[in-house]
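I'm jotting down what I look up as I go.

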Amino acid sequence: MTNSATSAFRAPVRILIVDDVEPWRRSVCSILRAQERLHVVDQAGDGLEAVQKSQELRPDLILLDIGLPHLNGIEAANRISKVAPASKVLFLTQNLDADVARMALSNGAKGYVLKVDAARELLPAIEAALGGERFVSRRVQQLSSSALSA
């Protein structure tokens with residue numbers, strides 16, 4: 001992600017990371033820390049905490065896993081859209097299921113990135129989401145492009 005790509009957004013871009021695997025959250029933080037304008041404001045380990053922190057912090061972007069305890073990521077995203085409507089949601093998951101991806105995107109998420117491809121696709125996905133565009137991991141697109149065209 002280039003500095004010019006995020007220059008239209010207030011600096012820093014405030015990000016909430018939601019995943020139940022703490023080492024994975026640390027890994028994502030290290031990817032984001034290398035980008036000057038991206039700032040992780042907090043982390044959450046389950047869906048209910050994600051909704052609460054989204055309402056309190058009003059982040060610009062929420063990186064959200066699908067498989068979360070207490071409240072799955074799709075339901076959390078639905079609730080987040082009500083309590084923090086300006087926050088953009090980008091799913092970051094290991095779930096390679098076109099139907100799940102379609103459901104996630106149909107509820108207003110700006111993207112769907114597979115964890116296995118995060119090193120290559122996370123920053124372009126963030127750039128797209130912040131620009132109001134949709135991003136879907138290449139593997140998911142290849143799996144079923146017709147399922148995602150809804």
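Which residue has its backbone oxygen 2.7 Å from a polar atom of the side chain of Tyr-112? I looked it up, and the backbone oxygen belongs to Asn-95. My cut-off for a polar contact is a pair of N or O atoms within 3.5 Å; within protein, one must be able to donate a hydrogen and the other to accept it, and residues adjacent in sequence count only if both atoms are side-chain atoms.

**Ground rules**

This is a predicted model, where local features need pLDDT of at least 70, side-chain atom pairs count only at pLDDT 80 or more, and totals for chains, interfaces and linings use all residues. Residues are numbered from 1 along each chain as its sequence is written, and side-chain values use heavy atoms, with hydrogens and water left out.

**Overall layout**

Reading from the N terminus, the order is β-α-β-α-β-α-β-α-β-α-β-α. Of the 150 residues, 48% count as buried; here buried means under 20% relative accessible area, exposed over 50%, and partly exposed in between, with a 1.4 Å probe and protein chains only. The protein exposes about 7,200 Å², and carbon and sulfur atoms supply 47% of that. Those areas come from the Shrake-Rupley method with a 1.4 Å probe; for residues, only the protein chains shown count as cover. I also checked contacts (heavy atoms within 4.5 Å). Among contacts between residues at least 6 apart in sequence, 63% join residues at least 24 apart.

How many aromatic pairs does a search of the whole structure find? It finds one. I count a pair when ring centres of Phe, Tyr or Trp (its six-membered ring) lie within 6.5 Å; planes under 30 degrees apart are stacked, over 60 edge-to-face, and the rest tilted. For Phe-91 and Tyr-112 the centres are 6.4 Å apart and the planes are at 45°, so I log the pair as tilted. It links distant parts of the chain, with Phe-91 in strand E4 and Tyr-112 in strand E5, 21 residues apart. Both residues are buried.

**Nonpolar cores**

Next I looked up the cores (sets of buried Ala, Val, Leu, Ile, Met, Phe, Trp, Tyr and Cys residues joined through side-chain atoms within 4.5 Å). The largest has 26 residues, and those with the most contacts inside it are Val-18, Leu-64, Val-89, Phe-91 and Tyr-112. Elements giving two or more residues to this core are E1, H2, E3, H3, E4 (88–93), H4 (98–106) and E5. A second, separate core has 22 residues, including Cys-29, Leu-38, Ala-118 and Ala-129.

**Salt bridges**

I count nine, taking a side-chain nitrogen of Lys or Arg within 4 Å of a carboxyl oxygen of Asp or Glu.

- Lys-115 pairs with Asp-19, closest N and O atoms 2.7 Å apart. The two are 96 residues apart, Lys-115 in the loop between E5 (111–114) and H5 (118–130), Asp-19 in the loop between E1 (13–18) and H1 (22–33). Lys-115 is buried at 15%, and Asp-19 is buried at 1%.
- Asp-65 joins in: Asp-19, Asp-65 and Lys-115 are linked in a network of salt bridges.
- Asp-117 pairs with Arg-139 at 2.8 Å between the closest N and O atoms. Asp-117 is in the loop between E5 and H5 and Arg-139 in helix H6 (residues 138–143), so the bridge ties together parts 22 residues apart in sequence. Asp-117 is buried at 2%, whereas Arg-139 is partly exposed at 40%.
- Lys-53 pairs with Glu-49 at 3.3 Å between the closest N and O atoms. Both lie in helix H2, four residues apart, about one turn of the helix. Lys-53 is buried at 14%, and Glu-49 is partly exposed at 24%.

**Positive phi**

Arg-58 has a positive phi of about 50° although it is not a glycine. I find Arg-58 in the loop between H2 (47–57) and E3 (61–64), partly exposed at 43%. His-70, also not a glycine, has a positive phi near 70°. His-70 is in the loop between E3 and H3 (73–83) and is exposed at 64%.
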